[in-house]
Amino acid sequence: MVRGVVAFRPVERAPSGRDQQCPHAGAALCSFGTVWGKASADGPDTAIEYQPARSIRCPWHQWEFDIRTGESFYDPQNDRVRKYNV
C-alpha cells in the first residue's frame, strides 16, 4: 500500500497535511478525491449556510472528511484522516 501526505490550505487557516488515503478502503484522496463545500442549516425553515472548500470526498465510496480537522462527516468519533503539521 502506497502512503503519502497531501497538503491543504483552507482560505481562512494555515496549511495542514492529511494522510492521502481514505481510512475506509485506502483510496487515494489526493489523486482522485474531490474538494467540496459543506452545507448546513439549523432546521427546515432556516437559512442554509454554505462553506466552500470545506471537505474532501473519497472517489470510491464518497466518504467525506473535514479538510480542517480530518474528521469524517458521517462518523466523526471513529473515522478521520490523519493530520500532519506542515
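Reader: Where is Ser55 found?
Author: Ser55 sits in strand S4, which covers residues 49–57. This is a predicted model, so read every value here as computed from it.

Reader: Is Ser55 buried or exposed?
Author: Buried. Its relative accessibility is 0%.

Reader: What does Ser55 touch?
Author: Leave out residues up to four places away in sequence. Ser55 then touches Thr34, Val35, Trp36, Gly37, Glu64, Phe65, Ile67 and Phe73.

Reader: Which residue stands opposite Ser55 in S5?
Author: That is Asp66. S4 and S5 pair in the antiparallel sense, over three bridges.

Reader: And how many bridges link S3 and S4?
Author: Six. Strand S3 spans residues 34–40, and its pairing with S4 is antiparallel. As an example, Thr34 has Arg57 in S4 as its bridge partner.

Reader: Back to S4 and S5. How many residues lie between the strands in that hairpin?
Author: Six residues lie between them. One to look at is Gln62, in the loop between S4 and strand S5 (64–66).

Reader: What is the phi of Gln62?
Author: Gln62 has a positive phi of about 65 degrees, although it is not a glycine. Most residues other than glycine have a negative phi.

Reader: Is Gln62 buried, exposed or partly exposed?
Author: Gln62 counts as partly exposed, at 36% relative accessibility.

Reader: New topic. How many helices and strands does the protein chain have?
Author: One helix and six strands. From the N terminus on, the order is β-β-α-β-β-β-β.

Reader: Which residues make up the helix?
Author: Helix H1 is residues 29–32, and Ser31 is in it. Ser31 is partly exposed, at 46% relative accessibility.

Reader: How far apart are the C-alpha atoms of Ser31 and Gln20?
Author: They are separated by 8.3 Å. Along the chain, the two residues are eleven apart.

Reader: Why doesn't a 3.8 Å pair count as a disulfide?
Author: Because the two sulfur atoms must be within 2.5 Å. The sulfurs of Cys22 and Cys58 are 3.8 Å apart.

Reader: Is Cys22 buried or exposed? What about Cys58?
Author: Cys22 is buried, with a relative accessible area of 3%. Cys58 is buried too, at 2% relative accessibility.

Reader: Which residues make up the largest nonpolar core?
Author: Eight residues: Cys22, Ala27, Leu29, Ile56, Cys58, Phe65, Ile67 and Val81.

Reader: What is Val81 in contact with?
Author: Set aside its neighbours within four places in sequence. Val81 is then in contact with Arg18, Asp19, Pro23, Leu29, Phe65 and Gly70.

Reader: What does the side chain of Asp19 reach?
Author: The backbone nitrogen of Gln21, at 3.2 Å.

Reader: Which way do the residues of S2 point?
Author: Ser16 and Arg18 point one way, while Gly17 and Asp19 point the other way. All of them are buried.

Reader: Which strand do three bridges join to S2?
Author: Strand S6, residues 83–85. The two run antiparallel. Gly17 has Tyr84 in S6 as its bridge partner.

Reader: Last bit, the whole chain. What share of the residues is buried?
Author: Buried residues make up 33% of the 86 residues.

Conventions
Residues are numbered from 1 along each chain as its sequence is written. This is a predicted model: local features need pLDDT of at least 70, side-chain atom pairs count only at pLDDT 80 or more; totals for chains, interfaces and linings use all residues. Side-chain values use heavy atoms; hydrogens and water are left out. A polar contact is a pair of N or O atoms within 3.5 Å; within protein, one must be able to donate a hydrogen and the other to accept it, and residues adjacent in sequence count only if both atoms are side-chain atoms. Buried means under 20% relative accessible area, exposed over 50%, partly exposed in between (1.4 Å probe, protein chains only). A nonpolar core is a set of buried Ala, Val, Leu, Ile, Met, Phe, Trp, Tyr and Cys residues joined through side-chain atoms within 4.5 Å. Contact means heavy atoms within 4.5 Å. Helices (H or I, at least four residues) and strands (E, at least two) are DSSP runs, numbered from the N terminus. Two strands pair if DSSP finds at least two bridges between them.
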